[in-house]
Amino acid sequence: MPDGEQRNQRRTGRDARDLPDAQESVADAQESDAVRRRRRAQFLRELHEAKQLRDRVQPRRARAARMRQQMRMRTFRW
């Protein structure tokens with residue numbers, strides 16, 4: 001029986017040490033969400049900028065893409 005008691009004590013001690021404080025985990029989650037949103041916004045800005053640059057550099061391709069989009073919208077049924 002002493003072995004079982006030692007196992008229980010070790011398990012409860014380890015669980016108490018391994019559990020993070022609830023407030024810290026909530027703060028970390030909010031911070032990570034904010035960081036993720038900031039990175040996503042930066043990525044979308046850069047993507048938009050790259051598309052604009054591509055359109056300026058390749059006007060024929062950009063015009064063809066606009067025409068295809070217009071045709072798609074004309075044939076789209078609501």
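Colleague: What pattern does the chain follow when read along the sequence?
Modeller: This is a predicted model. The chain has 3 helices and 0 strands. Read along the sequence, the pattern is α-α-α.

Colleague: What percentage of the residues of the chain count as buried?
Modeller: To count as buried, a residue must have under 20% relative accessible area. The chain exposes about 8100 Å², and carbon and sulfur atoms supply 52% of that area. Of its 78 residues, the share that counts as buried is 1%.

Colleague: Which residues form a positive surface patch?
Modeller: One member, Arg36, is found in helix α2, residues 22–57. Patch members need over 30% relative accessible area, and Arg36 is partly exposed at 44%. The patch is formed by Arg36, Arg37, Arg38, Arg39 and Arg40.

Colleague: What is the area of the nonpolar surface patch made by Phe43, Leu44 and Leu47?
Modeller: Leu44 lies in helix α2. Its relative accessible area is 37%, so Leu44 is partly exposed and passes the patch cut-off of over 30%. Together, Phe43, Leu44 and Leu47 make a nonpolar patch of about 270 Å².

Colleague: With which side chain does the side chain of Gln58 make a polar contact?
Modeller: Gln58 is partly exposed, with a relative accessible area of 31%. A polar contact requires a pair of N or O atoms within 3.5 Å. At 3.2 Å, the partner of the Gln58 side chain is the side chain of Arg61.

Definitions and conventions: Residues are numbered from 1 along each chain as its sequence is written. This is a predicted model: local features need pLDDT of at least 70, side-chain atom pairs count only at pLDDT 80 or more; totals for chains, interfaces and linings use all residues. Side-chain values use heavy atoms; hydrogens and water are left out. Patches are made of residues with over 30% relative accessible area and no salt bridge: like charges are joined within 9 Å, nonpolar side chains (Val, Leu, Ile, Met, Phe, Trp, Tyr) within 5 Å. Accessible areas come from the Shrake-Rupley method with a 1.4 Å probe; for residues, only the protein chains shown count as cover. A salt bridge is a side-chain nitrogen of Lys or Arg within 4 Å of a carboxyl oxygen of Asp or Glu. Lys and Arg count as positive and Asp and Glu as negative; His and the chain ends are not counted. The place of a charge is taken as NZ of Lys, CZ of Arg, CG of Asp or CD of Glu. Helices (H or I, at least four residues) and strands (E, at least two) are DSSP runs, numbered from the N terminus. Buried means under 20% relative accessible area, exposed over 50%, partly exposed in between (1.4 Å probe, protein chains only). A polar contact is a pair of N or O atoms within 3.5 Å; within protein, one must be able to donate a hydrogen and the other to accept it, and residues adjacent in sequence count only if both atoms are side-chain atoms.
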